[in-house]
Amino acid sequence: MSEPLIQSESHGAVRLLRLNRPAALNAFTTALLSELLDALEAAAADESVRCVLLTGAGRAFSAGQDLSDPAVAPGTEPKDIGRLLDEHYIPLALRLRSLPVPVVAAVNGVAAGAGASLALGCDLVLAGESASFIQAFAKIGLIPDCGGTWLLPRLVGRAKALELALLGDKLKAADAAALGLVARVLPDAELLDAAMALAQRLAAMPTQALVATRRAMDEALKLDFDAALRAEAVLQSRLGFAHDYQEGVAAFMAKRAPQFKDR
Ligand code: T3D
């Protein structure tokens, strides 16, 4: 039987998803993209999952779109790359951003093209010391996709975003952290354990509040201050009726550890 393109493992309340085409640096074929979306849907549907951890098998996170995939490889007929985005990358990027649990990326090596966009679209990004990010798109005549044009200027500002995207130079993990693209850089040998520990910590937290925080921050980017205050109030109102708020306050007052369970 052939290896799954996404290795899925349950570690308590954490669902570990590993991109699994190491010989091609986990480059995205349409099959891999479909399996990844299916794996995210499965995690979303499973109430026992409270955090997703995404990483790559082998020495890379992902080299982005597989350039030899018949879906895109130029041949006798030009290929409609926009269709690939519509059918695969857009649903994937949207689902990642709307998952009902937090998503941690453990970037274990190079993250290029859509691989970089996918990693940077996660809620918390950890990187190994030898990891790197490459906006490889311009080198093959394309623009950043899979959310790259939205994410990059917001994460690093327009000037740096354009420098990264236009030149496509390799950005080392330490430099990515200095720019604010990643939360933490860890020794390669410690990356997965540290990312798992962080994911377990998030899994024990009030999931609805974490996901609402992501949503509020994403929405606030489109709003003025007044509207952002009101959007916060709508979400806060909902959270205030939830079990986890009652539990959080009760635990604080009783000086005990909270037992969060909403999702
Ligand atoms: O049509 C569209 O493209 C639409 C979608 C666009 C979204 C995108 O993601 S566009 C960007 C696509 N990605 C790239 O352009 C990156 C291409 N890869 C590289 O530049 C380099 O491989 C890396 C800098 C990522 C890593 O370099 P290095 O020296 O560490 O490894 P390598 O020797 O280049 O690659 C190892 C193997 O992986 C090699 O195969 P081989 O020779 O051992 O059989 C290589 O061909 C394969 N590989 C790496 N990247 C890709 C790939 N195969 C297919 N597609 C790839 N993107």
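I take "buried" to mean under 20% relative accessible area and "exposed" over 50%, with partly exposed in between, using a 1.4 Å probe and protein chains only. Helices (H or I, at least four residues) and strands (E, at least two) are DSSP runs, numbered from the N terminus.

I record that this is a predicted model, in which local features need pLDDT of at least 70 and side-chain atom pairs count only at pLDDT 80 or more, whereas totals for chains, interfaces and linings use all residues. Residues are numbered from 1 along each chain as its sequence is written, and side-chain values use heavy atoms, with hydrogens and water left out.

**Entry 1: helix H5**

I looked up the buried residues of H5 and found Ala161, Leu164 and Ala165. Seen down the helix axis, these residues of H5 fall within an arc of 90°, so they line one face. The arc is that of the directions from the helix axis to the C-beta atoms. I noted the general rule that an α-helix has 3.6 residues a turn, so residues three or four places apart point the same way. On the face of H5 turned away from the buried side, I found the exposed residues Ala159 and Leu166. The cover over the buried residues of H5 includes H4, S9 and H6. Just after H5, Gly168 takes a positive phi of about 65°.

I then examined Ala165, which lies in H5. Its relative accessible area is 12%, so Ala165 is buried. Contact here means heavy atoms within 4.5 Å. Not counting residues up to four places away in sequence, Ala165 touches Gln135, Ala138 and Pro144. I also looked up Ala165 and Val52, which are 113 residues apart in sequence and 28 Å apart in space, C-alpha to C-alpha.

**Entry 2: helix H4**

I turned to H4 (residues 148-156), where Gly148, Leu151, Leu152 and Val156 are buried. Down the axis of H4, the buried residues fall within an arc of 95°, so they line one face of the helix. They pack against helix H2 (81-98), helix H3 (114-120), helix H5 (158-167) and helix H6 (173-179). Gly157 follows H4 and has a positive phi, near 90°.

I looked up Leu171 in strand S9 (residues 170-172). Leu171 counts as buried because its relative accessibility is 9%. Leaving aside neighbours within four places in sequence, Leu171 is in contact with Ala131, Ser132, Phe133, Leu164, Ala176, Leu179 and Leu181. Leu171 and Ile134 stand 37 residues apart in sequence and 6.2 Å apart in space, C-alpha to C-alpha.

Next I looked up Ser62, placed in strand S4 (residues 60-62). With a relative accessible area of 0%, Ser62 is buried. Setting aside residues up to four places away in sequence, I found that Ser62 touches several residues, including Leu25, Phe28, Val110 and Gly115.

**Entry 3: helix pairs**

For helix pairs, axes are lines fitted to C-alpha atoms over the stretch in contact, and angles run from 0 to 180 degrees between N-to-C directions. Angles under 35 degrees count as roughly parallel, over 145 as roughly antiparallel, 65 to 115 as roughly perpendicular and the rest as oblique.

I found H1 (residues 30-45) and H2 packed at about 30°, with their axes 10 Å apart. That angle makes H1 roughly parallel to H2. The contact involves residues of H1, among them Leu33, Leu37 and Leu40, and residues of H2, among them Leu84, Leu92 and Leu96.

I found H8 (residues 207-220) and H9 (residues 225-240) at an angle of about 165°, with their axes 10 Å apart. That angle makes H8 roughly antiparallel to H9. Residues of H8 including Ala209, Ala212 and Ala216 meet residues of H9 including Ala228, Ala231 and Leu235.

Leu25 has a positive phi, near 55°, in a residue other than glycine. Leu25 is found in the loop between strand S2 (14-19) and H1. Lys255, also not a glycine, has a positive phi of about 55°. Lys255 lies in the segment after helix H10 (243-254).
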